[in-house]
Amino acid sequence: MFNNSNIYPEAEYNKRLEELKRLLTYMKSDFNFDVGLVVTPYDNDEFDKDLAPYKDEREGGRRCMICYRKRMGEAYDYAEENGFDYFTTVMTVSRQKNSLILNSIGKELEAKHSKTKYFYSDFKKDDGIEKGKALRDKYGLYQQLCCGCKYTYEEGERRKLEKGL
Ligand code: SF4
């Protein structure tokens, strides 16, 4: 599921979504791995109402806890309603995200659902970051330069300038 109303601006959201679609076509053509994609409606204005009170917090603080819980909770509900055996999150691959926190949110959500189990993940393990970079290089995938919300937007723009992009 692509459930990312946290991303700002909409052009960045569209860019990431199109890149995901492109990657999934490679997964099918090169690995015969057919991955379905569910995309929830984009509404950053609404999503941001919960984040704005914590706009000045550092990444990984309360704003992010709200952001993780909201997106994972909505995706978990979808998994339960649609008969999925397991739910997990790819966010654990991020160097900036604490897998212990994400997995503890996953276990909290599991306790609120009766059918879908939480699948513990730490995609940074076993050279997960390096494997991700190898895929990015192989397929020429877009690399995001900030987490995504409007409070990390300037950081992304600064990194673009540093990289001459
Ligand atoms: S920094 Fe990332 S995880 Fe934190 S609120 Fe922004 S988009 Fe969400």
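1. Asp-126 is placed in the loop between strand 2 (117-118) and helix 5 (128-139); helices (H or I, at least four residues) and strands (E, at least two) are DSSP runs, numbered from the N terminus. Although Asp-126 is not a glycine, its phi is positive, about 55 degrees. Its relative accessibility is 62%, so Asp-126 counts as exposed; exposed means over 50% relative accessible area, buried under 20%, and partly exposed in between (1.4 Å probe, protein chains only).

2. The loop between strand 2 and helix 5 also holds Asp-127. Asp-127, again not a glycine, has a positive phi of about 60 degrees. With a relative accessible area of 55%, Asp-127 is exposed.

3. On provenance: this is a predicted model, in which local features need pLDDT of at least 70 and side-chain atom pairs count only at pLDDT 80 or more, while totals for chains, interfaces and linings use all residues. Residues are numbered from 1 along each chain as its sequence is written, and side-chain values use heavy atoms, with hydrogens and water left out.

4. The protein has six helices and two strands, in the order α-α-α-β-α-β-α-α from the N terminus. Its radius of gyration, taken over C-alpha atoms, is 16 Å, close to the 15 Å of the globule rule for 165 residues, so the protein is as compact as a globular protein of that length. That rule is 2.2 Å times the number of residues to the power 0.38. The C-alpha trace spans about 50 × 45 × 30 Å along its principal axes. Of the 165 residues, 35% count as buried.

5. Tyr-8 and Pro-9 are joined by a cis peptide bond, with omega about -5 degrees. Pro-9 belongs to the segment before helix 1 (10-31).

6. Around the ligand are Asn-6, Glu-59, Arg-63, Cys-64, Cys-67, Tyr-68, Cys-147, Cys-149 and Thr-152, each having a heavy atom within 4 Å of it. This shell divides into five nonpolar, two polar and two charged residues; Ala, Val, Leu, Ile, Met, Phe, Trp, Tyr, Cys and Pro count as nonpolar, Asp, Glu, Lys and Arg as charged, and the others, Gly among them, as polar.

7. Two cysteines of the shell, Cys-147 and Cys-149, fall in separate accessibility classes. Cys-147 is partly exposed because its relative accessibility is 22%, whereas Cys-149, at 9%, is buried. A search of the whole structure returns zero disulfides, a disulfide being a pair of cysteine sulfur atoms within 2.5 Å.
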